[in-house]
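Please examine the sequence and the model shown here. The report that follows describes a chain, its partner and the contact between them.

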Amino acid sequence: MDTDTTMEKHTPAHQSDSSALGQQRLPGDLAIWVFILAELLVFAVFFGAYVFARAGDVELFSAEQAMLNSNLGALNTVLLVTSSFFVVRAVQLGEAGEGRRAANWLAGAIACGAGFVVVKFSEYVAQFSQGISLSSSTFHMFYISLTFFHFMHVLLGLVILVALWRNARAGLYGPDNMNGLESGAAYWHMVDLVWLILFPLVYVLR
Amino acid sequence: MTHPTSTHPSAHGTPRRAFWIWIFLLASTVFAWAMAKTDMGGISIMALLMGLAFAKGAFVILDYMGIRGAPTLWKAITLGWLVVVCLVIVLGYLKGLPA
């Protein structure tokens, strides 16, 4: 994953702003975007419910938020944004006709996603061993349900990334066959996007 | 190597742009982590955190998801989601401030 070297070498001739070409295009399959919008709406409701529940008992939320491990939350943010960068590089290589090299970047994204799962799982184990559960408090009800709902999306995203990696290794992606890669990539970026709101909201905002 | 020509225009920008966006995402994550460690709060910190969250989300939507090259309706829907979510969080935060 030689970032600097691939940056200049593999910018394809057609890789200009599509709007400059007068062609507007939704990357990937329309169905995945409908699915992504549905997921984003659910998370939006979750975020709204969290922040207005917090408004009703700021002291409780602040006290219990202070018990969260913000180091692990930040580490998971780093892992997810890095995996997103790796995925977009894989898509760019696919567009450049280097679908097999895209597999290397996808492998990096899978490693980061797996790292997220390990870190989040260890966080849950530490919290559950302290007797924390959904019924411990309003804060923990929201914290566990919101982060676990997101966690399930990470797991599904990893399954999708592994499928993309296998296809990329088989040389299935190229400039004229990007639909599957772009669709899976869009889903993974959605998982990252949700976490970029979730982390400051649940771990940092005081 | 000659790159194949295609009728499939890139919606994901250049590798260099993707790289610098990644650096921005990492730097703003470090900032948010520092805010968590220093236990700082208040309206100004909230505004800064949510402003950065909006900027990060917009970069992910427009560049990583490739919505920059999508029809205007899709830009409006996805960025509209981000605007609404950030506004709702700000409003909820303000509602929780002592009267």
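Accessible areas come from the Shrake-Rupley method with a 1.4 Å probe; for residues, only the protein chains shown count as cover. Chain A exposes about 7600 Å², and carbon and sulfur atoms supply 65% of this area. The model is predicted: local features need pLDDT of at least 70, side-chain atom pairs count only at pLDDT 80 or more, and totals for chains, interfaces and linings use all residues. Residues are numbered from 1 along each chain as its sequence is written, chains are lettered from A and ligands numbered from 1 in the order in which they are written, and side-chain values use heavy atoms, with hydrogens and water left out.

Chain A contains 7 helices and 0 strands (DSSP runs, H or I of at least four residues for helices and E of at least two for strands, numbered from the N terminus). Of its 206 residues, 57% are buried, that is, under 20% relative accessible area with a 1.4 Å probe, protein chains only.

The interface between chain A and chain B buries about 5700 Å², 71% of it on carbon and sulfur atoms; this is the accessible area (1.4 Å probe) that two parts lose on being put together, summed over both. The following helices of chain A each supply at least two residues of the side that touches chain B.

| Helix of chain A | Residues |
|---|---|
| H1 | 3–9 |
| H2 | 30–56 |
| H4 | 70–95 |
| H7 | 179–204 |

H4(A) gives the most to that side, with 14 residues.

Technical notes. Buried means under 20% relative accessible area, exposed over 50%, partly exposed in between (1.4 Å probe, protein chains only).
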